[in-house]
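Colleague: Hi, I have a few minutes before my next meeting. Could you walk me through this model?

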Amino acid sequence: MTSVNFDALKAGDTIDGPAFAVSRESIRLFCDASLDYNPLHLDDNYMKGDFGKTNFGGIIMHGMNNFGLISRMLTDWALPAGAIHRRLETRWLKPVKPGDTIRPAGTIKAKQTTAKSRWVLVDVAVQNQRGETVAAGEAMLEFPASAKAG
Amino acid sequence: MAQAESSAATPFETDFWKDAKLRKMWDDIVPGEPRKTLPYKLTQEAIALYCRAVGETNPLYLDEAAAKAGPYGGLIAPPAIHILLMFACTPADDWMRSPGTVNAGQSWSYNIPARPGDTITLQARALDKFIKRERLFVVHDNVFFNQHGDVICSGRGQTIRPM
C-alpha cells in the first residue's frame, strides 16, 4: 500500500477497506474472539421473537464486527505513514446477516493542526452487497509532526 | 469500586442465559454507580484469535520479530481489542451480557496500545439512562488501564436494554 502523507491529503480523498464475507462461522468466530455470546448472534429460535417493534428473523452479526473492520481499515492505512488511529465513533443502521458481504470505506473530511500535533478527520461507513449503509461514523487519526508512532 | 478476584480459575461462561436472573434490568441500573470488574491478562493467543475474526494481518500484532523492529518495539494488540476486553474484564452477572442487549453505537479514544502479557483493568459505569421511542437506553462509560496505570483506551457506548 502506498503510504499517505499529511500535507498531500485533502478533503474528499478516499480510503478503501477490505471486503468481509459474513457467515454463521464468521459470527461464531467473532463470539469466541470477543467473548460476546449474546444469543442475538447464536440462537435462531430466540431471534424468531420480536425486539420491541423489530424482528430480525434470524441471527445477526455483532455490531462491533463492523467496528473492528473499520478499525482494521484505518490502522492499515495509517501505520505505514507513521500515523496513529486515535478515535472511532460508529452507529449501526441496519443489521448484518449470514450471507452478506460488507466493506468499510472512508472519506477524508478535514485536516486540523493543533498546538502539538496534526489530525485528520475521516467519515467512515460500512456497506453491504446491496449498497446499503449498515454502519456509519467518524474517525480521527493523528499524524505526529515527527511522524513517530507513540 | 474494589475489583473482584481474577476470573482466571473459572472458564468463561458462554451460556448468557445461565446468570440472566442475576443481572440488573434497566430499572435497576443506577447511573454513576461503578460496575464490578475483573483484571484480565491479555495473551498473544487472544490477540491472534481476535485478529483472525476480523482479518487483521498486520505483523505488529502477529509477528514478534517484525514487531520488535517496528515503532512499538514489540507486539501490540489492535486498537479495537477493547471489544474483547469489555467481556473479559466483566463478571458473568454484568448486564452487558443480558440476552437481547442491542448495541446502538460506540465511540472510543485510543491512548497507548495494549500488549500481550498486560494485565488489563477496567473502570466502568452507566453514565446515563433514558427512554426513546419506547426503547430503554443506557449510556456506558468505560476506561481500560494497563498494569502501570496507563490509560489504554476510553469509550462511551449506548445499548438498548431488553424489556
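**The core and what surrounds it**

Modeller: Happy to. This is a predicted model. The largest nonpolar core has 74 residues, and the members touching the most others are Leu141(A), Tyr50(B), Ile81(B), Leu84(B) and Leu85(B).

Colleague: Which element gives the largest share of this core?

Modeller: Helix 2 of chain A, residues 63-78, which puts in 8 residues. As general background, nonpolar side chains in soluble globular proteins tend to be buried together.

Colleague: And Leu84(B), what is that in contact with, beyond its neighbours within four places in sequence?

Modeller: Ala33(A), Ser34(A) and Leu35(A) from chain A, plus Ala46(B) and Tyr50(B) from chain B.

Colleague: Let's stay with that part of chain A. Which residues of helix 1 of chain A are buried?

Modeller: Helix 1 spans residues 24-34 of chain A, and Ile27(A), Phe30(A), Ala33(A) and Ser34(A) are buried there. They sit on the same side of helix 1 of chain A, because the arc they cover around the axis is only 120°.

Colleague: What covers them?

Modeller: The cover over the buried residues of helix 1 of chain A includes helix 2 of chain A, and also helix 1 and helix 4 of chain B.

Colleague: What follows helix 1 of chain A?

Modeller: Leu35(A), with a positive phi near 65°. Leu35(A) is also one of the contacts of Leu84(B).

Colleague: OK, switching to the interface. How many residues are in contact between the two chains?

Modeller: 35 residues of chain B are in contact with 35 residues of chain A. On the chain B side, helix 1 (44-54), helix 4 (82-88) and strand 2 (102-110) each supply at least two residues. Strand 2 of chain B gives the largest share, 9 residues.

Colleague: What's the make-up of that side, nonpolar, polar and charged?

Modeller: For the side of chain B that touches chain A, it's 21 nonpolar, 10 polar and 4 charged.

Colleague: Which strand of chain A is joined to strand 2 of chain B?

Modeller: Strand 3 of chain A, residues 84-92. The two run antiparallel, with 4 bridges joining them. Within that pairing, Glu89(A) stands opposite Ser107(B).

Colleague: Nice. Now chain A by itself: what pattern does it follow along the sequence?

Modeller: β-β-α-α-β-β-β-β, so to speak in counts, 2 helices and 6 strands.

Colleague: How do the later strands pair up?

Modeller: Strand 4 (residues 101-113) and strand 5 (residues 118-127) of chain A run antiparallel, joined by 10 bridges. A hairpin of 4 residues links strand 4 to strand 5 of chain A, and Thr107(A) stands opposite Asp123(A). Strand 5 of chain A also runs antiparallel to strand 6 (residues 133-142) of chain A, this time with 9 bridges.

Colleague: What stands opposite Val120(A) there?

Modeller: Leu141(A) in strand 6 of chain A. Leu141(A) was among the core members touching the most others.

Colleague: And which residue takes a positive phi in the hairpin of strand 5 and strand 6 of chain A?

Modeller: Gly131(A), near 80°; that hairpin has 5 residues between the strands.

Terms used. Residues numbered from 1 in each chain as written. Chains lettered and ligands numbered in written order. Predicted model: local features only at pLDDT ≥ 70, side-chain atom pairs only at ≥ 80, totals over all residues. Contact = placed C-beta atoms within 7 Å. Nonpolar A, V, L, I, M, F, W, Y, C, P; charged D, E, K, R; others polar. Pairing = 2+ DSSP bridges. Core = buried A, V, L, I, M, F, W, Y, C linked by C-beta atoms within 7 Å. Buried ≥ 20, exposed ≤ 12 C-beta atoms within 10 Å, placed from the backbone. Arc of directions from axis to C-beta.
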